[in-house]
Amino acid sequence: MFSIYFHVPFCLRRCHYCDFITYAGQLDFLPGYVDAAVQEIRQLRLAAGNTATAADTVYFGGGTPSLMEACQVAKLLEETRRTFGIRPTAEISLEANPGTLNPRKLKELRAAGVNRLSLGVQSFSDSELALLGRIHSRQQAEESIHWAREAGFDRLSLDLILGLPGQTLEAWQENLSSAVSYRPEHLSVYSLIVEEGTALEKQIADGLLPEPDDDVAADMYELTQEFLAQAGYTQYEISNWALEESFESRHNKAYWKTTPYLGIGAAAHSFAGGYRTENMPGIQDYIKRVQNWESGLAFPFSPANLNRAKVEPYTQMQESVLLGLRLTREGVTLSEFARRFGQDARQVFAAEIKRLQEKQLVEFAQFPDGTHLRLTQRGVLLGNQAFMEFV
Ligand code: SF4
């Protein structure tokens, strides 16, 4: 399994809760940024030599990747095909925001090979969208869903956020009802986190908005689990649900299974060949760095790297359990762990697993491919307590 991620750190405006590495008001740099990303992928392919393999998943994340023209997405996909290759069955996802889409663009994106659309709806309430500082309205979200279906997207994911200041359980349930009425194949539900330095944090500090209530957010999460189960969705990760296993995000599952991936673009991370790398965060810095062709780079290094670190085998094992436990249905597949590390996770982490079993946070479950270690229902609600054991 091999994945490629393109980071597209451009947004029309910064949402009130957002602390991601993304930039507003820099769209003039987008064409140069796409050219730099093409250059970076060429460099990485050169460094990979005969170890290069075709991508099983490609993901455009951001930021707002749907600010790119479809021809820019096509350019990046063509270069990926020409260099690393993209498997015919690959999942090719793009994050899109309502307010940046139209029927023509969606058709062109589909024609360029994008076969999964992840739509940042966040809420179906205009007042909640205003509170979040999103650029779109409920009507624009609904139009985007409609246009995506018309364009032939049959793998549609909707993102929602729960736990907004002042949001009631009833208001949250209305969001869920609206979302499932469109039968998206996939849903991602995140809890709002008030990040330092954001406009939202300031509004709360200034008393303009109430602090989000953690207890209400926990109730909303449990409501989500029940509501989506009744609507036919299966939870497969802490924040993710799908109508069928085939609709689960293969790209994100690759992260949780800690398989290798290359991140292209400003602030993108890679994990391959036992190394983790992180690129320069600034758009212009990134473009400048990538223009300086560096010959003789070892894979997976790129001229855009800000940090490069070897990930020791024990750390890889920890990460593999920590991230694998996020997969609420399948958890950590012990046979895969043994194949990859030559060791039994039950022995390597015997003390940690015992402590978590005593707290009823993890369990062993039998699957056709053997034993898996996964979170219990209680563990899903108290995931952070379990993850702390592997940090
Ligand atoms: S669209 Fe997403 S990445 Fe851009 S500012 Fe809003 S939350 Fe942040």
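Of the 391 residues in the chain, 41% are buried in this predicted model. The secondary structure of the chain consists of 16 helices together with 17 strands. The radius of gyration comes to 21 Å, close to the 21 Å that the globule rule gives for 391 residues, so the chain is as compact as a globular protein of that length. Taken along the principal axes, the box filled by the C-alpha atoms of the chain has dimensions of roughly 55 × 55 × 40 Å. When contacts with a separation of 6 or more are considered, 72% of those in the chain are accounted for by residues 24 or more positions apart.

If residues up to four places away in sequence are not counted, Ala54 touches Phe84, Gly85, Ile86 and Arg87. Gly113, which is 59 residues apart from Ala54 in sequence, lies 15 Å apart from Ala54 in space, C-alpha to C-alpha.

The residues around the ligand are Cys11, Arg14, Cys15, Cys18, Phe20 and Thr22, along with Gly62, Gly63, Thr64 and Asn97. Divided by class, the shell around the ligand contains five polar residues, four nonpolar residues and one charged residue.

Notes
Residues are numbered from 1 along each chain as its sequence is written. This is a predicted model: local features need pLDDT of at least 70, side-chain atom pairs count only at pLDDT 80 or more; totals for chains, interfaces and linings use all residues. Helices (H or I, at least four residues) and strands (E, at least two) are DSSP runs, numbered from the N terminus. The radius of gyration is taken over C-alpha atoms; the globule rule is 2.2 Å times the number of residues to the power 0.38. A residue is buried if 20 or more other C-beta atoms lie within 10 Å of its own, exposed if 12 or fewer, and partly exposed in between; C-beta atoms are placed from the backbone. Two residues are in contact if their C-beta atoms, placed from the backbone, lie within 7 Å. A residue is near a molecule or strand if its C-beta atom, placed from the backbone, lies within 6 Å of it. Ala, Val, Leu, Ile, Met, Phe, Trp, Tyr, Cys and Pro count as nonpolar, Asp, Glu, Lys and Arg as charged, and the others, Gly among them, as polar.
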